[in-house]
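Me: I have a model open and would like to go through it piece by piece. Can we start with the pocket and then move to the fold?
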Amino acid sequence: MYAPKDELKHRLLWREPYTEHEAAQLASLIAAAREQGVELVFALSTGQDMVFSSASDRLLLQRKLRQVAAAGCSSFALLFDDIDPGLCQADRAVFPSLAQAQASVANEAYRALGQPPVFLFCPTEYCSALCSPSPSRSRYLLALGQELLPGIGIIWTGE
């Protein structure tokens, strides 16, 4: 999984497209991985400041993912770990919960990419310690299970 936390365009500056040079480097990495029998999964971490109800943010996310797809990538992940679980005022007016907001964005991106065979989702509650009251009774996780399209895989860590 390509998800370097120190690459600004992975997390902090996720809205910015890669330059031509950066895209060429990424294409080279994808090709080298494939030559070695490794499928590179490109991940973006947009949750720190994405406005889930914003058409502009949704389009920027899709533009970034399409740019990486054009570089040869066919496997993707959206990472919503290690973020504030609250919704901004604009999102609260549109979505009844964080899970529904995140699932809406993920489903739309998944469809925009043509439903790739590998599309992963890392939830905000990604391990037992972060689930309230427990993984089996978490409203957030139950809503994700209902809202995410069946082809989207969930990343889980811990017990």
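Me: How do the residues of the lining of the largest pocket divide into nonpolar, polar and charged?
Reply: This is a predicted model, to begin with. In the lining of the largest pocket, eight residues are nonpolar, two are polar and three are charged.

Me: What volume does the largest pocket have?
Reply: The volume of the largest pocket is about 190 Å³.

Me: And which residues lie nearest its centre?
Reply: Pro-85, Leu-98, Thr-124, Glu-125 and Tyr-140 do, out of 13 residues that line the largest pocket.

Me: Which helices supply at least two residues of that lining?
Reply: Helix H4 (98–112) and helix H5 (139–147) each do. H5 gives the largest share of the lining, at three residues.

Me: OK, the sheet now. In what order do the strands come, and is the pairing parallel or antiparallel?
Reply: Four strands make an open sheet, ordered S1-S2-S3-S4, and the pairing is parallel. At the edges are strand S1 (41–44) and S4, each of which pairs on one side only.

Me: Which helix packs on the sheet there?
Reply: Helix H2 (residues 55–70) packs on it and touches S1 and S2. The direction of H2 makes about 160° with that of S1.

Me: How many bridges join S2 to S3?
Reply: Five bridges join strand S2 (residues 75–79) and strand S3 (residues 118–122). Ser-75, for one, has Val-118 in S3 as its bridge partner. Ala-77 stands opposite Leu-120 in S3.

Me: What is the bridge partner of Leu-120 in S4?
Reply: Gly-153 is the partner of Leu-120 in S4. S3 and S4 pair over two bridges, in the parallel sense.

Me: What sits in the segment after S4?
Reply: Ile-155 has its place there, after strand S4 (153–154).

Me: What is Ile-155 in contact with, leaving aside its neighbours within four places in sequence?
Reply: Its contacts are Met-1, Leu-79, Leu-120, Phe-121, Cys-122 and Pro-123.

Me: How far is Ile-155 from Asn-107, C-alpha to C-alpha?
Reply: Their C-alpha atoms are separated by 16 Å, and the two residues are 48 apart along the chain.

Me: Is phi of Asp-82 positive or negative?
Reply: Positive: phi of Asp-82 is near 55°, and the residue is not a glycine. Asp-82 is in the loop between S2 and helix H3 (89–92).

Me: Why flag those two?
Reply: Because most residues other than glycine have a negative phi, and most peptide bonds are trans.

Me: Last one. What does UniProt list for residues 1–159?
Reply: The UniProt record, an unreviewed entry, lists "domain: GH84" for residues 1–159. Over those residues the chain is 38% helix and 10% strand. The end C-alpha atoms of residues 1–159 are 21 Å apart.

Note on methods
Residues numbered from 1 in each chain as written. Predicted model: local features only at pLDDT ≥ 70, side-chain atom pairs only at ≥ 80, totals over all residues. Heavy atoms only, no water. Contact = heavy atoms within 4.5 Å. 1 Å grid on protein atoms, 1.4 Å probe; cavity = no way out; pocket = protein on both sides within 12 Å on 5 of 7 lines; lining within 4 Å. Points joined across faces, edges and corners; volume = space filled by probe spheres on them. Nonpolar A, V, L, I, M, F, W, Y, C, P; charged D, E, K, R; others polar. Pairing = 2+ DSSP bridges. Axes fitted to C-alpha atoms, helices over the stretch in contact; angles between N-to-C directions. UniProt positions renumbered as here; feature names shortened; annotations may be inferred.
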